[in-house]
Amino acid sequence: MKDLLLITPPFTQLNTPYPGTAYLKGFLNTKSIDAFQMDLGIEVILELFTKSTFKEIFELAFENNRIQTENCQRIYALKEHYLQSLDDIILFLQGKNQTFARQICTNGFLPQASRFEQLDDMDWAFGSMGNQDKAKHLATLYIEDLSDFIVECIDPDFGFSRYAERLGQSANSFDELYENLQDDSTFIDQITLEILDAQIKETQPKLICFSVPFPGNLYSAFRCAQFIKSNYPEIKIAMGGGFPNTELRSVNDVRVFEFFDFITLDDGELPIELLYNVVLKNETSFKRTFLLENGSIVYKNNSTAPDYKQQDVGTPDYSDLLLDRYISVIEIANPMHSLWSDGRWNKLTMAHGCYWGKCTFCDISLDYIKIYEPVAASLLVDRMETLIEQTEETGFHFVDEAAPPSLMKALALEIIKRNLSVTWWTNIRFEKNFTQDLCVLLKASGCIAVSGGLEVASDRLLALIDKGVTVEQVAQVTRNFTEANIMVHSYLMYGYPTQTVQETVDSLEMVRQLFEVGILQSGFWHQFALTAHSPVGLHPEEYGISPNYKNITFANNDVDFTDSTGIDHAQFSFGLKKSLFNFMHGIGFEIPLQDWFEFDIPETDIDPDFIYNCLAQEPVFNIKPTAKIAWLGTFPLVHEFSKTKKGHKNDFMEITFHDTLETFQITTEKEKGNWLLDTLEQITPQNKPQSFKQLKVSFETHFEDFELFWYSKPIHVLRDHGLLVL
């Protein structure tokens, strides 16, 4: 028996659990509140994609005369081939039975339907990948074919990372969702509810909490709550997570509370603790909670207790989740997308909220962005070590809105100090603090990729967005990451209010150049969406748009609007995405921008060498006295020798270093060499990096003119091999 059951409803990711329930369970552990968690989505997928279930699916599709398209007819005709290999394919995608890769790669082994039509086009994009990745890609296409069969013949709302998403998107009214919930359960629903029922019987919770991050989780959350109300009326049900936090802040349709007893907003730790006290101890304090009272919806925030500090919320706890049964897939040849879909990542947060908190398209008025609170690097690495021990996984995805450079630096130094071997990636702003040396440090600590918002590659629009960066700055920062062998993904936006056709074309040209010079490896275009809680949504008149507000009784975040420019930005979607796909694979740079579109566009106003010229600027050598100096290199072998010149004997030191790539040497005067060797040992992360001023004072207690020594050839060589200014 457990007091609480924490559930992520179908569907989020195949390869790793969404972290909401793990964060809550970690917090509840600190309060000795007994909770069990489940990712209902992966459990449904694992039950759905089995030989026995798909045999039933094929029979249902045939009996109901649903097999209409040529693609589904082909899949049905090959059903025995699918059934024979399905269980083994899932095991392979779970990281088991890896020798099966050779069989999968055998021509003609897997049945192929429409998803494989892209294979010839993509084979070159993947290059000479190894058997494992190639097999993983083929296996992914295979299960996507089966997914298409489900969508066409069984349930049009099915998707691997969402379910009935259309019912949760821009759902200003609860009517359509409510009507769907009055219909009979779908085939997917039946599997979901059977698994849920078994878990409730085993766990016997008093309170069930659904974490609903996205619109694609909403329908299933309501369907599950409906089932619980009908079959376990004594159990109380709560909903929290990203969707209610952004969409349900003004919910006023009482029918919602036929399904849920409570809806909590923003950080869930204190609200859930108080709900536990309400349900199990008959207390009456609430934090940011909607409930039904005397037939009316009321919002209760009567607890005087403050929200917990990030240092006190505990370490995420992934126990109970089926960590060894998640499915890694390779859908397309976008290197960044593979990080989201291939491999399992422990999720952590460096800082609550966003340290910048100014972007005008972002929900900066809401607490999850507005309240910025970083976590100390030592505590972060403590949590990393705890999760490594618990999950036996050393990969980490820091899910920050934008990770602060100063905290990333401290985190990297702490990781290196503890000699941890980890792999990690996160989201950033392309700001000037990401110097070449900082990027080298991040790479040394295990950082393999960053993603950040370039948004609209136009300085006018970046200023209007209040992004705090320029295109030139983005180019220099992405160069720094790329040269440190850290992959860079950029979020790109089109259709921002007042954006002209010329600016869209110029933005594409900027992106083309960024890829052509090799400082951007991945990107994704999305059309601007207006949200009610962003500065644009709160003050639309300042951005030349007219929101089309409707009678809102349910979800209130995404807002339709009319742009004063009257431009149909959607028409650019295909051309932007097609060109980007080519750029990501190193081709198409010479193609005129016009050729990506089926309608006339103006010529770009951007100089063809704009990005190249941004990178050609001379670096600034001024070093702040407070800058930290760190040595990441190895310790050397030393050979002392003397030279006699004009009768005067001088003692020298030849110092030989071996790093992972090469062996290199420097030569210096013996006394300065001894000072240098002592200093290098003192400024490792295991000891403590010193400031530039401290090094200068130390040097000049023995010698003269530190700057002359610092800018000498030996130090220049060390600067190229791990002597960092941070």
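Trainee: Hi! In what order do the six strands of the open sheet come?
Mentor: The order is β10-β13-β14-β15-β16-β17, with parallel pairing. Strands pair if DSSP finds at least two bridges between them, and the elements are DSSP runs numbered from the N terminus: helices are H or I with at least four residues, strands E with at least two. This is a predicted model, where local features need pLDDT of at least 70 and side-chain atom pairs count only at pLDDT 80 or more, while totals for chains, interfaces and linings use all residues. Residues are numbered from 1 along each chain as its sequence is written, and side-chain values use heavy atoms, with hydrogens and water left out.

Trainee: Which strands are at the edges?
Mentor: β10 (346-348) and β17 (522-527), each pairing on one side only. On average, neighbouring strands are turned by 20° against each other, direction ignored. Such angles run from 0 to 180 degrees between N-to-C directions, with axes fitted to C-alpha atoms, for helices over the stretch in contact.

Trainee: How many bridges join β16 to β17?
Mentor: Six bridges join β16 (residues 487-494) to β17. Leu492, for example, has Trp525 in β17 as its bridge partner.

Trainee: Which helices pack on that sheet?
Mentor: Helix α21 (residues 501-516) touches β15 (447-455), β16 and β17, and its direction makes about 165° with that of β17. Helix α23 (residues 573-584) packs there too, touching β16 and β17, at about 175° to β17. Contact here means heavy atoms within 4.5 Å.

Trainee: New topic: what is the order of the three strands in the other open sheet?
Mentor: That one runs β23-β24-β25, and the pairing is antiparallel. β23 (637-645) and β25 (663-669) each have a single partner strand, so one side of each is left without a neighbour in the sheet. β23 pairs with β24 (residues 648-658) over nine bridges, and Ser642 has Asp651 in β24 as its bridge partner.

Trainee: And which residues touch the most other members of the largest nonpolar core?
Mentor: Phe49, Phe149, Phe210, Phe222, Ile228 and Phe554, out of 92 residues. A nonpolar core is a set of buried Ala, Val, Leu, Ile, Met, Phe, Trp, Tyr and Cys residues joined through side-chain atoms within 4.5 Å. Buried means under 20% relative accessible area, exposed over 50%, and partly exposed in between, using a 1.4 Å probe and protein chains only. Helix α8 (residues 131-153) gives the most to this core, with 10 residues.

Trainee: What does Phe222 touch?
Mentor: Leaving aside neighbours within four places in sequence, its contacts include Phe174, Met239, Phe260 and Phe554.

Trainee: How many aromatic pairs are there?
Mentor: There are 52. Rings of Phe, Tyr and Trp (its six-membered ring) pair if their centres lie within 6.5 Å; planes under 30 degrees apart count as stacked, over 60 as edge-to-face and the rest as tilted. The rings of Phe222 and Phe554 have centres 6.2 Å apart and planes at 65°, so the pair is edge-to-face. Phe222 lies in helix α11 (residues 218-231) and Phe554 in the loop between β19 (545-547) and β20 (558-559), so the pair ties together parts that are 332 residues apart in sequence.

Trainee: Are those two buried or exposed?
Mentor: Both Phe222 and Phe554 are buried. In another pair, Phe572 and Phe599, the ring centres are 5.3 Å apart and the planes at 80°, so that pair is edge-to-face. At 1% relative accessibility, Phe572 counts as buried, whereas Phe599, at 22%, counts as partly exposed.
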